[in-house]
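Student: I am new to this structure. Please take me through it by question and answer.

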Protein chains: 6
Amino acid sequence: MASDLKRSSGRRPDQPREIRLTRDYTRHAEGSVLVEFGDTKVLCNASVEAGVPRWLRGKSQGWVTAEYGMLPRATHTRGGREAARGKQGGRTLEIQRLIGRSLRASVNLKKLGEFTITVDCDVIQADGGTRTASITGGCVALIDAIRYLQREKKIKGDPFEQLVSSVSVGIVKGVPVVDLDYPEDSGADTDMNVVMAQKGGLIEVQGTAEAGTFSRAELNAMLDLAEKAGADLFAHQQEALGIRR
Amino acid sequence: MASDLKRSSGRRPDQPREIRLTRDYTRHAEGSVLVEFGDTKVLCNASVEAGVPRWLRGKSQGWVTAEYGMLPRATHTRGGREAARGKQGGRTLEIQRLIGRSLRASVNLKKLGEFTITVDCDVIQADGGTRTASITGGCVALIDAIRYLQREKKIKGDPFEQLVSSVSVGIVKGVPVVDLDYPEDSGADTDMNVVMAQKGGLIEVQGTAEAGTFSRAELNAMLDLAEKAGADLFAHQQEALGIRR
Amino acid sequence: MASDLKRSSGRRPDQPREIRLTRDYTRHAEGSVLVEFGDTKVLCNASVEAGVPRWLRGKSQGWVTAEYGMLPRATHTRGGREAARGKQGGRTLEIQRLIGRSLRASVNLKKLGEFTITVDCDVIQADGGTRTASITGGCVALIDAIRYLQREKKIKGDPFEQLVSSVSVGIVKGVPVVDLDYPEDSGADTDMNVVMAQKGGLIEVQGTAEAGTFSRAELNAMLDLAEKAGADLFAHQQEALGIRR
Amino acid sequence: MASDLKRSSGRRPDQPREIRLTRDYTRHAEGSVLVEFGDTKVLCNASVEAGVPRWLRGKSQGWVTAEYGMLPRATHTRGGREAARGKQGGRTLEIQRLIGRSLRASVNLKKLGEFTITVDCDVIQADGGTRTASITGGCVALIDAIRYLQREKKIKGDPFEQLVSSVSVGIVKGVPVVDLDYPEDSGADTDMNVVMAQKGGLIEVQGTAEAGTFSRAELNAMLDLAEKAGADLFAHQQEALGIRR
Amino acid sequence: MASDLKRSSGRRPDQPREIRLTRDYTRHAEGSVLVEFGDTKVLCNASVEAGVPRWLRGKSQGWVTAEYGMLPRATHTRGGREAARGKQGGRTLEIQRLIGRSLRASVNLKKLGEFTITVDCDVIQADGGTRTASITGGCVALIDAIRYLQREKKIKGDPFEQLVSSVSVGIVKGVPVVDLDYPEDSGADTDMNVVMAQKGGLIEVQGTAEAGTFSRAELNAMLDLAEKAGADLFAHQQEALGIRR
Amino acid sequence: MASDLKRSSGRRPDQPREIRLTRDYTRHAEGSVLVEFGDTKVLCNASVEAGVPRWLRGKSQGWVTAEYGMLPRATHTRGGREAARGKQGGRTLEIQRLIGRSLRASVNLKKLGEFTITVDCDVIQADGGTRTASITGGCVALIDAIRYLQREKKIKGDPFEQLVSSVSVGIVKGVPVVDLDYPEDSGADTDMNVVMAQKGGLIEVQGTAEAGTFSRAELNAMLDLAEKAGADLFAHQQEALGIRR
């Protein structure tokens, strides 16, 4: 692999974009975080509601779920409004299922009690990596919602288990790179989203060859980059939350 | 009418909230304005597309339309996502029809040529007056989109006719007030949205008695307040656009 | 303003069309009224059902709501059947929300008890003013439904508060006119629907400039016409109901 | 079979209800007929549109189709509005397919040219037999639409082939009866709808045992009743159309 | 009628296709039958669920219903997937209503108790007669589901009343024939589906003239063919079920 | 890791279930394959249609896409029919997007010309691994459809690039195993679907920790198992297609 790839952004292959996590971005949600991975901006609002979905009733546990949407002009060309088309597309459903699964790894649902936390991830501006930004920012909003439940004495224990973060990696012009922006993502040979746990280990790995195939060696090189970026993401989350490291 | 109403916000009856218009809020849309009426924040993105709807083809004119949405947690309690429910509600459709009609008063469609400008008004945070903020901010985004078409030499003349702005007025505890916030709106006896033209005159008036009725005198008192606030709104729009007054 | 406008129908500017209210038009509904404003014919059926919508349960009050529809060939050219298209359009939803709000001004919901009255307004033939005819006729059907509840001793007090009627007004070729028919409505500069209460006062005012703007003076001239026609509509409603004036 | 059945309406087993066919019931449709089978009232509007569905284009023929709907309170208890529920039910779709097939037997589609005639059958009041009334009245509306095309010289030949009429028959308390009203229909052992051609012969037969089964002898007894009533229906159609017999 | 019709398949006019009923075709359903009428193959799965639809609750009876679907490429050309189009078509709804009604004639719903049996009929390969095959095979699956309820001692009595079978008949080139395959069905003058009860008698008759009309004599000739084939179908069902005749 | 896991099926950790590929399973589709991974049975029908989706027109290339469905009683308990619910669920959309992406790796779309091949994967019986079976069987059906196009001389070159196959792997009770059946899948700690190319390399990797996390070592152990099973799957595909190895 060529170590001298020039990324259009001037970044090194192992260099993520600038990450920003702004808490209390809006005032109604129990947790509200604007997450920015460079020019990708996603508003993550965590809402607490008493009760759980029907299929969980009476099981003495809570639920964490996510919904994802993109403002029609978050992208280069205007996409139709899903509400106007009358349904969420396959891509949207796939992403919100991924976000929900990932965030549940952050929480002990038994300790959450019969509350549902819904994390709405709405993309204000898109430049690649909206799902990984959503997971990373959504986790911070989720924790703020849990802290609200504790502060209001609605729950006793602490359902928070660990931070979860996510980053994309890929093979661009033969070189493994981290945190692809939209032009890189469009031209990548392979694209992979990795969800990581703060205590170590992988929660989800989704790699797709867009052209040709990828090798085991490339897979491992991409995972190396993701793990390195993950440490950085956990640090950003901790700093935003004021958690001592 | 009692002249000494204490508004919960401390505002005088004829005092609108602080207005802010931030242009170029996102980077993809041809016009992108964040409009704030106090705590009400709406992102207005104007998108230019070549071509017109089927029923206008071959008529040598353009089209301006609007869509409206609210992020699920823009409000005190989470509202269901319209895309997930599979349809836009009656309130949403009613509002986006109003915004579209109002913005068309700003433009000479013949001079626009066969282009469609869609103004997406997405409510990031709601505190009353989202439709009037949408019209006021959407008009600025629309003008930026028209300026884009001129700058790119896609059109020759200037389809911009005049500014359009909007404000809500109402009767709260018997007193006419302007620019109601959510608590005032919820408790108002009468609620009215007024859309005004920069050159003078009314574009739309929608008044509703929420409890009882309202008199002709009250209607006129409300319109007096709206007109006064309108002058202020036009000044804000001009300043944001850098138009000399 | 020119006082000598020739209306295509030969009517004076302040002359509504012939109004007819036929009670007991169909035999199943608790209230069934065919309302005719000239060639506009709307069947208003009021149906009584025990119970209230979920969000009103346990509040010891009733509910009044409306639905609106147009037979596919009520108009000059056939419109698609909304049931076949799979959704009600924005115009339909907007109109039925207006009718429902207006009719609720007629009723003391506390005295109605836990009953829901749904007023279905189905346009058999359209020639302008279908929403104002629906409100005017729907109010009579609503009262018949209330009388049914009293006659059957399902409620004790009298929830009927006052009559509600509605008429359209507009500016056609610069002249304020009342009760526009379809050709006038299509060519009007300004179109306004006014909902009035029998005890005096306005319930709803919705004015829209179709071309240009309208002035405060024009607004007041239109409201003068509406109030004059309102007196006539209340008289028709009272006569149809056999209420001594 | 007991020859002495007392029908609740006092009719003889072979006696249909009073039939009325009122042409030009509304003024916009090319054919507009109110058909009444006793208390069952259906408005049949035939609309002419240039062009044919996509799958018939270029085949030098026309198309005849039907849509069916029921006003929400046409029945004893209010049924939900199909437009509000977002889809037409199975019963509705089944009935409108039947009406369309039946009416096409009336017309030479080749001679109709590239026009589509849509017959909307909307039930104003229901008391059993809405589909048979729709076919019988719809056929008259269809012919009026054809006569319009001829009068306007949009077509040259005469696509009208023959009248089509329909009546229900059934076995009630063991006795074959014709033209069942709603109470009879609800309690019938067997219910059958028969569509007949003016030149003789059957177009459609749909018989259903609601309880138990029916025998070949019963089937034939019912068809005898239908044929007898059919002669009467054709006479009513001819009289309504002013066709000399 | 010409007795010497050559059927494309070489069959005699009164000769059905080869019938096969394979029980236990899949392993999860309480009753699972693959029914083949020649090249028409339908998988009929009967599923038992505790409880009944809302409108039957508390009436101490069970319910039997059916759903029908066709795999997209069961036919000569691919048909769109109904799940992807977002609704079941009119033909589908009509067929599944027919199957449900027919199968209920097989069962004493009172003796079934508060269980619902849903018979899913999914067409794997279509060559005409899919609805008649569905009824014939669905009845066997239904009985297996009833036997499951008895074997598991969930019900006490025997709700099985009688077998129900179905076959299509038609007039092809003037000759009455039984069990039409797709080419015959497409070219038939008249097409009729007949549902028969094991104890004798008809459950449903649906005859449609595709071109012209059919006479009473033709109707009776078709019914003769159906009854003859019915005896054969009952024998196949009994043999499949191991019921001594 | 414990090397002595007892799988409920008695299989060794690295032992896939019995694979069967039956070509020409139905007669209408250009490619029709029943694929069985043990008790999981999926019918894969590949349909050829002239033309490409709108967004590919004029680009001189073809398209390969997939749709996925599950018969309502393919599973232990009956699942609602997606066509009846009016939409495909998120899981369905996610799976059919995966199948489509995977199969496109098999084909040179430029050489396919302006044809669309749709591979319908309908699950007749489910026991875990329906998506991996769909990809493996769908690839064989796709190749049969390509061979049809060549045989009929509709295309000149050979768009077939290479076989694609897929298998699931997971961590069950701490042990990496291949080709999980439903009970294993339900209880797995980690579940991963791997799509492989015949020429070597990975096309898609989707691994999810259902409980806790998985390590890089576990990921690599699972991939080892998948690669071993992949060789076996390619052999089965070649044998079914009669391709000499």
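Student: How many residues does the contact take from chain B and from chain A?

Tutor: This is a predicted model, in which local features need pLDDT of at least 70, side-chain atom pairs count only at pLDDT 80 or more, and totals for chains, interfaces and linings use all residues. Residues are numbered from 1 along each chain as its sequence is written, chains are lettered from A and ligands numbered from 1 in the order in which they are written, and side-chain values use heavy atoms, leaving out hydrogens and water. Contact means heavy atoms within 4.5 Å. By that rule, chain B gives 38 residues and chain A gives 38 residues.

Student: How many salt bridges does the rule find across the interface of chain B and chain A?

Tutor: A salt bridge is a side-chain nitrogen of Lys or Arg within 4 Å of a carboxyl oxygen of Asp or Glu. The side chains of A:Glu30 and B:Arg73 meet in one, at 2.6 Å from N to O. Across the interface of chain B and chain A, the count is 16.

Student: How far apart are the closest C-alpha atoms of chain A and chain D?

Tutor: No contact joins chain A and chain D. Their closest C-alpha atoms lie apart by 11 Å.

Student: What is the distance between the nearest C-alpha atoms of chain C and chain F?

Tutor: Chain C and chain F do not touch. Between their nearest C-alpha atoms the distance is 11 Å.
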